Amino acid sequence: MKNDRIVDSRIVGVSVPRKEGRDKVTGQAQYVDDMTLPHLLYGGTVRSRIPRGKIRKITFEPEIAWGEFVIVSAEDIPGKNCVALIVDDQPCLAHEAVNHPEEPILLLAHPDRHLLPKAVAAVSIEYDPLPVVLTIEESERHSEIIWGTDNTFKTYRMEKGDVDAAWEKADYIVEGEYTTGAQEQLYIENNGMIAAFDPQQGITVWGSLQCPYYVHKALMALCNLPADKVRVVQMETGGAFGGKEEYPSMIAAHAALLAMKSGRPVKIIYDRMEDMAATTKRHPSRTRHRTAVSKDGKILGGEIEFAIDGGAYTTLSPVVLSRGAIHAGGAYYWPSVRVSAKAVATNAPPHGAFRGFGAPQSLFALERHMDRIAQVVGLSPIEVRRRNFLKPGQTTTTEQTVREPIDLDKLLDRALELSDYRAKKDHFAKENASGTRRKGMGIAAFLHGAGFTGSGEGYLSSVVGVEGCADGRVRVLVSSTEFGQGTKTVLCQIAAETLGLPYEDVDIAQADTDQVPNSGPTVASRTVMVVGKLVQSAALGIKQTLLGGGLLGGSYSPEEFRAACQKQVGARGPFRSWAHFEAPSDVFWDDEKYRGEAYAAYAWAVYVAEVTVDLTTYSASVNDFVALQEVGKVLHPVLARGQIAGGIAQGIGYTLYEKVVWQDGRMQNGQMTNYIMPTSADLPPIRVFFEELGNVHGAFGAKGIGELPMDGPAPAIINAVEDALKVRFDSIPLLPEDIFEALTAKNEAQVSGGAR
Amino acid sequence: MTGSLEHGPPFELSFTVNGERKTVHAYPMERLLDTLRQQLGLTGAKEGCGEGECGSCSVLMDGALVNSCLVPVLQARDADIVTIEGLGAVGRLNDLQEAFLQCGGAQCGICTPGMILAAAHLLRKNPGPTMEEIREGLSGNLCRCTGYMQIFESVAEAMRRRDSATP
Amino acid sequence: MRSDPADYQLVAPGTLQAVVTLLAAEAGTWLPIAGGTDVMVQYAAGKLPARRLVSIWNLSELRRIEVLSSEIQIGAGCTYTDLREHAMVGREFPLLASAASWTGGIANQNRGTLGGNIVNASPAADSLPALLAYDAELILVSVRGERRLPYRNFHTDYKKTKLASDELVRAICLPRQFAGYFCYTRKVGARNAQAISKVCIAALGRTAGVVIEDVRIAVGSVAPVPLRLAETERVLKGNPIEPSLLALARKTAVAEIRPIDDIRSTAKYRAAVAGNLLEEFLEKLGARERTA
C-alpha cells in the first residue's frame, strides 16, 4: 500500500471507542486472577535467599502436611531445563547452584491458596555461598567470573568514519560519565498464569503476557511437546511495559510443570513483594562519552562506551544492548564515532525489557552530554543542538541516511514556543537570585527507532490473518496483544478503514496460539506500524476474495459487504486472508558491522521540562512538561496522547522518584510504600503535541510511538535541575537526599575557598 | 498442622452488595476483597499491592471509599457495599463510565474499577471539584498507564455530562 | 496475601464495655483493630504476630467528637475523614486537620483512626507531632476505669507506649487555648501523596511584637518517638526573632533530634530538613508580626 497519507479517512485518525473499553469500565474484563477452573490448585515458588552459591541440602520442615502438596523440582522437567529465549542459559528451576537472589528452585501446589506462603517458608535450603558480583565495575574487573569466560553476555562495536583523526582536529575534547539505575515496570496487575495439562491435548496456559509465541516456544522446549500440543492464551493484561515480554515464559513454565505433575489445573499469581523482588527490571547502565568538538560547537567525532548490567542470565540483554548502542548518538550528525557496547553479568535477578529497551539509558547520557558540550564551548543548550541536528540526506551513527523531510530545527522552535522557554528562562534567572525555590528549564531532543532492528523484522517473518465470519463481520487474527496501549482498537480501525466498513463491524480474536498466527511479539513499538500494515494487506485480501468471487462490486456499501461475506461463508465456510511480512527492498543492514538501516522508521521529538527545586526540602518537582513529537501519522488521537502522557509519567518516575534499593543483589524496597511511583498529586500537566510527516513503511503512515516518550523526560529534567541549581548531576534517579549532598558539598567547597 | 481441607470456615455473615443482600461463610479475618472476588464472583475489585497503596481494590462501604484489601470481612457485616459492578444500570453505563470511554481514562483497565469508584465518591461528596481537588481525591489510586491526564479529563467530562443531562 | 485467615480469630463484641472486659479477661492476648490500615498491612505481609484480634471499628463510644468549653475530646475511633469534616477541628486545631489530610489517600483516611495512629506508635505517624504541639491529653479506659495522662509522656521508646495490656485509648483531649497562635505544619515525604514521612513538623507560636512569648515545636521521623523540642523551645522563648536566634534554634534542634539512616532517607538529610523547616516556621512567625 503506497498511500502514506490519509485521504478521506473516516475511522483512522478518529478517536473511536476502545474496543474492549466497555468491559474495562464495568469491571467485566477478565484478567488471569479473575478466571478459575474446576479442581484448581494454587502454586507457589521456593526461591533462593542468597545471591550465589551451591545448593547443599533441602529440608522440608515437619510442620507442613507435605503429603497434600504437589512438589516439583528440576528433575521433573520433561524437556530442557531452561527458559528458551536467545541463549538457553537461564534454568527454569535451579538444580545444583543459584546465581541470583529469588532464583526459583522448587515449586509447590495445594488446593488452599492460603497454605502456600507457609509451605514455601517451611522449605529450608542450605547453601555453600560463592563470591558475588554486584555492579558493572565488579563484573568487568574479572576478579570473579560468574558467567561464561569473562562475565560478558554480549558486545557490539560500531565504527563510522575516522575517530582518531577527529581528536587531532578538535578544539575541545569533552568527557562525561553518566549512570542510570534499575527501574521496576510496576504494572498494577502482578504476573500470573494458569496452566492445564491433558495427555491428549497437551499444555494450555492462560496468562498476563505480551508475547504468546515467546511463551509457546519456551513451553515446547521445556515440556518436550510439539507445537500443536502447546496452547497459549492471553487474558486481559493489566499493564506490561516490557515487564511481561520475557518473564511470562518463566511463570508459565512453572504453572505447566505443576499441572503436568498433578494432573490438575494450576494457578500461580504473584503478590507485589514477590513480583518486585523476583522479576525483571530495566537494565542499570553506565555510559562514557569522549567527544571531539570544534570551537563552533560542532561534533567532529567521539567515542561512546555503553555498558549495561544484565543480571545473572542472558535473557534479552543482547537486544537491549543493541538498541541502546544504536541510539547512543541520538538525533545528531556524527562525522565519526566509535561505539563500544557491552552487557555484563551480575548476581542480581536478570534485568529485562522495559519500554525504551536501552534507548532511555543511552539517550539520557547523550542529552546530558550535549548540555556539557554546550557549557565547555560556551553555547546555549539550544544552539549546540541546532548546530548538530541530523538533516535529511545525512547519515546516522549506523550510516543510515535520513530520507524523510524532518526538520529538527523547526521542531525545536515549536517546542520552545509551546513551553515559553525563553521567557521562563529569563524570568527564572532573576527569581533564582533569592528565595527558597530555584527553577530551571531543560530540553531533550531525540529519536526512537520503531520495529525490530535491522534484519530483525525479516527474521520475525510476521504473519497476520483477517477472517470473514458467518455473520458478515470481519475478524483480525494477530498474536499482538492489548495491554492498554490500544492494539485491539487501532488494528480494528485499520481493517475497517481499509475495507470501508464501520468500526463496529470489525472484531479482533483473543490472542490464542490455537487461533491466531505469529505476528511477532508486542514490543519494539512495532504493532501499529508493522503489524498494522500487514492487517491492511490481509484485509485487502478478504476484499479480493469477495470481488474475485463476483460477490462484491468495485464500490459497495457496508450492507453489501456484509451480505457478500455471509454468502461466501454460507457457501464455502469461514474464509481467511493472510499477509506475510516482507522486508522492504530499501532496508539494508549488516549484522556483523552493525551498520546500515537500523530501523524502518524513526519518530523524532523535543521535550521541554520546567522544574522547581525546593531548597527547604531539596526535592525537585516537574511543574510543566511539553512533549512535541513527529510520529508519522496519528491514527487515534486519544490513544496516542495517552501513550505519550503515560510514558512521560514513567519517565518522570525514572528520573526523580523510582529508586531500587539493592542489598546483596536483592531489592529491599519491594512494596508500593517504599518503591515510589508518582501519584496524581505529583505529576504536572503533561502537554502533548504531534507533527505528522507520514511513513511509507507504516500502516496509514504511522510510526511506532509506544516507547518514544520514555527517552526524553530524564535528560530534560536533569538538564532543568542543573539549570536551576548550577550543579551537575549525571546519575538517575536523583532524589532529594542526592541534591542535598551535592548542595552541601558545593557550599562547603565555596566556604573553604575551594573551586567555584 | 495444616489441613484446612478438613474443616470449612465457621462464620456466617451478611451484608448488602450492589443493592442485594448476600450471605457468606468466611473466616472473620478473610479480606473483604477476597470475599467479594472468590465467594461472590465480583472480580471487578483487584489486588494490585495488598497494602492499601494502589487503590485498585477500592469499593464503597457505607458510602465511604475504602481499600477492601484492608477490611476484614467481619467488619463489613451488615454494611452496604458498592462495587464497580453496581455502578450504572444494567446495560447502561453511568456518566463516569461513558466519560472514561470517551476520554481515554482507561488503558489497561486494571486500576479502572477502583479509579471510577474513587471518582464517583469524590463527585458525591464534592459535586464541583477543582482540578486540584480531583488530583487530591484520586491520589490514593495509582495508575501506571495514563499519567493521570486523561483520567482527570474523564472526571471533568463526567461532570459536564451530568450537568447537561435533562432531568 | 501471606497469612491464612484460618489461623486468626477476630471478634466484634460491639460495645466498649464488652471490649475492655475481654481485654482484661485475657490480658495481652487480644489485639484491638480499628480501621485496619496498619494491622491489615502487617497481616497481608505475613508479619502480624497477634493471632486474636478484637474489632473496635465504628464503636459509637469511640467515634464521636465532644466539644466542651475548655477542650475538645476526639474519640480514638474517629477516622481522619471525621477529623477533616469537623468544622471546629479545622478551625481551632488546623495542625491536626492538615495532618489528617496528608495521611494516605481518601480510602485510607476513611478507615484510619487517630487512636490507631497513636497506639501503632510509629515515629513517622502524621498526626502525632500535632498532638504534641497542642499538648494533648489521652483518656485511657479499661475495666478498672479511666485515667488521663499527658500525651507528651505516652511514647517511651520506639513503638512502645504507656498503654497497659488491657487498656484502650478512649479519647484525645485538646485544650481550646490556641486562638491567636500562628500555626505551621509541613510533611516531607518521597512524594506529594501517600508517603511515609521523612520529616514532619507541627509548630505553634505566639509573639508580642517580634518577641516569642510561647512556642511549641514537635517533629516526627527524627527519633524513636515523636519529639517535642523542649530545649529548642527554651532557647526561643522570650527572645526576638532575628537571624542569630534562628541559627541558635537550628543548632539546638539538630542536637535534640536523633535521626537515622533507613530505607526511606538519611540522618543527615533529615537533620538538615528539620532545621530548614524550623527556620521556615520562625521566619513566617516573624514575618506575620512585621506585617500585622
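Biologist: Which residues point each way from E17(A)?
Modeller: In this predicted model, A:Val463, A:Gly465 and A:Glu467 point one way from E17(A), and A:Val464, A:Val466 and A:Gly468 point the other way.
Biologist: And are they buried or exposed?
Modeller: All are buried. That is 6 of the 6 residues of E17(A), residues 463-468, so the strand is largely enclosed by the rest of the structure.
Biologist: Nice. Which strands does E17(A) pair with?
Modeller: One is E20(A), residues 575-580, in the antiparallel sense over 6 bridges; there, A:Val466 has A:Ser577 as its bridge partner. E18(A), residues 474-477, also runs antiparallel to E17(A), joined by 4 bridges, and A:Glu467 is partnered with A:Arg475.
Biologist: What about the hairpin of E17(A) and E18(A)?
Modeller: It has 5 residues between the strands, and A:Gly472 takes a positive phi near 90°.
Biologist: Switching topic: how many residues of chain A are in contact with chain B?
Modeller: 48 from chain A, against 45 residues of chain B. On the chain A side, H17(A) gives the most, with 8 residues. By class that side has 22 nonpolar, 14 polar and 12 charged residues.
Biologist: And chain C, how is that divided?
Modeller: Into domain 1 (7-55), domain 2 (65-175) and domain 3 (182-291).

Conventions: Residues numbered from 1 in each chain as written. Chains lettered and ligands numbered in written order. Predicted model: local features only at pLDDT ≥ 70, side-chain atom pairs only at ≥ 80, totals over all residues. Domains from an automatic or database assignment. Contact = placed C-beta atoms within 7 Å. Helix = DSSP H or I, 4+ residues; strand = E, 2+ residues; numbered from the N terminus. Nonpolar A, V, L, I, M, F, W, Y, C, P; charged D, E, K, R; others polar. Buried ≥ 20, exposed ≤ 12 C-beta atoms within 10 Å, placed from the backbone. Pairing = 2+ DSSP bridges.
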